[in-house]
Amino acid sequence: MLTSIKQVSSHVGESVKLGAWLYNKRSSGKIQFLQLRDGTGYIQGVLLKKQVSPEVWEQASKLTQESSLYVEGTIRADDRAPSGYEMDVTGLEVIQQADEYPISLKEHGVEFLMDHRHLWIRSRRQSAILRVRAAIIHAVQDWLNKAGFTQVDPPVLTPSSCEGTTNLFHTKYFDEDAYLTQSGQLYMEAAALALGRAYSFGPTFRAEKSKTRRHLIEFWMIEPEMAFVNHEESLRIQEEMLSHVVQHVLAECRSELEVLERDISFLEKVKAPFPRISYDEAVELLNREGMAFTWGDDFGAPHETKIAESFDRPVFITNYPTEIKAFYMKPDPERPEVALCADLIAPEGYGEIIGGSQRIDDPALLEQRFEEHQLPKEDYAWYLDLRKYGTVPHSGFGLGLERTVAWICGLDHVRETIPFPRMLNRLYP
Ligand code: 4AD
Ligand code: MG
């Protein structure tokens, strides 16, 4: 068995064998420094000409960037090394001498890097992001599992829309029409009425012609849905869940956040409860701050950023006009022109990361909404059934994974938050 770079600390003074790639190389006549990476970490291998065979010396001097190799040597603790350890190389076996690597260590343009995304993810920064992404997924699922949620997997191919018909991805399903799911929510409502608390975690699709820092065509969502939970109770679940996620990443991903040069002072403040501001108050705030805004319009990115600036933690904007929100949201019984809903806006200009609401539980009102939104009743018959057979108050929300990763990692654009982004003009690689 090979040793991994992550494990070298427990092998000081011992001879070990690593499988690795050459990240970078330096030499000065009688000594060569090989910067090695193996996916678990980085270590410098040191070769002294007088201590290795001429063949090993020769092979090492020819190694190109990203060549793959097995390296043997003795692990030495070294305070000057970034990882705290170095390897005195005694032998190496080249698996493949790599062709000239397109991503040299100089700066490259974004489109070039995106075209080479399959290689770019090997970089220190990109692999740190992927690790943080995985830690976020782990933390969310762990929190939900412990809070009594059961993971349920909704279908990806669906007969109907959840979030409006303007950005559906159409495909043929033999002789029928089908769409790639925009959200697992409707199915999670069925799951919540079966299991009490359920959540999905999967890819969702929006054929959105938006080319912004926040939009992907294919993105991943975590969608919890809870029976017998009202809007206000749902907000408490959201803030507890997200606080846990952020604190988990701070505890487990320090070195990744350092690679990303993330200022963690904002993240340290992310603890429940989060502030809440109503849509009405947000409209007033915008007008007061000199951003003319009419009640009834939807917020764009600049509005969300402006509102978030008044808070040092994520903020819930609650009770949006019913008109501008999805068909399934329950109107406030006291004031039906607004819905029992909230968007959670991340600080530092990262925008909406969660959308959620209490759901309509009355079958007659739901049927009325199908008509108002011109949704074909027959495709939603099963969804209406959920209100006919033991309807209950219930709520749920969707956390957008990529926007959460962008915020926690402090990235300019969501394209770096997912291994292989699907964007308006990008389906490759
Ligand atoms: O606000 P959205 O559209 O809500 C829903 O889909 C609900 N059905 C969720 C639910 O209640 N179960 O999307 C939820 C979140 C947004 O807050 C945002 O973080 C993310 O998904 N999101 C996107 N992320 C990247 N690219 C896009 N095009 C996104 N659209 C939404
Ligand atoms: Mg939304």
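How far apart do the end C-alpha atoms of residues 130–429 lie, and what percentage of the span is helix and what percentage is strand? The end C-alpha atoms lie 17 Å apart, and the span is 35% helix and 23% strand. The model is a predicted one, in which local features need pLDDT of at least 70, side-chain atom pairs count only at pLDDT 80 or more, and totals for chains, interfaces and linings use all residues. Residues are numbered from 1 along each chain as its sequence is written, while chains are lettered from A and ligands numbered from 1 in the order in which they are written.

**View 1. Division of the chain into domain 1 and domain 2.** Domain 1 covers 5–96 and domain 2 covers 115–416; such bounds come from an automatic or database domain assignment. Their C-alpha centres lie 46 Å apart. An unreviewed UniProt entry places the feature "domain: Aminoacyl-transfer RNA synthetases class-II family profile" at residues 130–429. UniProt positions are given in the numbering used here, feature names are shortened, and annotations may be inferred rather than shown by experiment.

**View 2. The barrel of 5 strands.** The strands close in the order β1-β2-β3-β5-β4 with mixed pairing, and the twist averages 55° from one strand to the next. Helices (H or I, at least four residues) and strands (E, at least two) are DSSP runs numbered from the N terminus; two strands pair if DSSP finds at least two bridges between them. β1 and β4 (residues 68–77) are antiparallel over 7 bridges, and serine 15 stands opposite threonine 74 in β4. β3 (residues 42–48) and β5 (residues 85–96) pair in the parallel sense over 3 bridges, with valine 46 opposite aspartate 88 in β5.

**View 3. The hairpin of β1 and β2.** The two strands run antiparallel and are joined by 6 bridges. Phenylalanine 33 in β2 is the bridge partner of arginine 26. The hairpin has 3 residues between the strands, and glycine 29 takes a positive phi near 70°.

**View 4. Helix α1 across the strands.** Helix α1 (residues 54–62) lies across β1 (15–27), β2 (31–37), β3 and β5, and runs at about 80° to β5. Axes are lines fitted to C-alpha atoms, for helices over the stretch in contact, and angles run from 0 to 180 degrees between N-to-C directions. Two residues are in contact if their C-beta atoms, placed from the backbone, lie within 7 Å.

**View 5. The shell around ligand 1.** Ligand 1 is surrounded by 23 residues, the closest being Ser183, Gln185, Gly355, Gly398 and Gly400; a residue is near a molecule if its C-beta atom, placed from the backbone, lies within 6 Å of it. At least two residues of the shell come from each of β11 (218–227), β17 (351–358), β18 (394–400) and α13 (401–409). β17 gives the largest share, 5 residues. By class, the shell has 8 nonpolar, 8 polar and 7 charged residues (Ala, Val, Leu, Ile, Met, Phe, Trp, Tyr, Cys and Pro count as nonpolar, Asp, Glu, Lys and Arg as charged, and the others, Gly among them, as polar).

**View 6. Backbone details at proline 273, proline 429 and glutamate 261.** The peptide bond from alanine 272 to proline 273 is cis, with omega near 0°; proline 273 lies in the loop between α8 (265–268) and β12 (276–278). The bond from tyrosine 428 to proline 429 is also cis, with omega near 0°, and proline 429 is in the segment after α13. Glutamate 261, in the loop between α7 (254–259) and α8, has a positive phi near 55° in a residue other than glycine.
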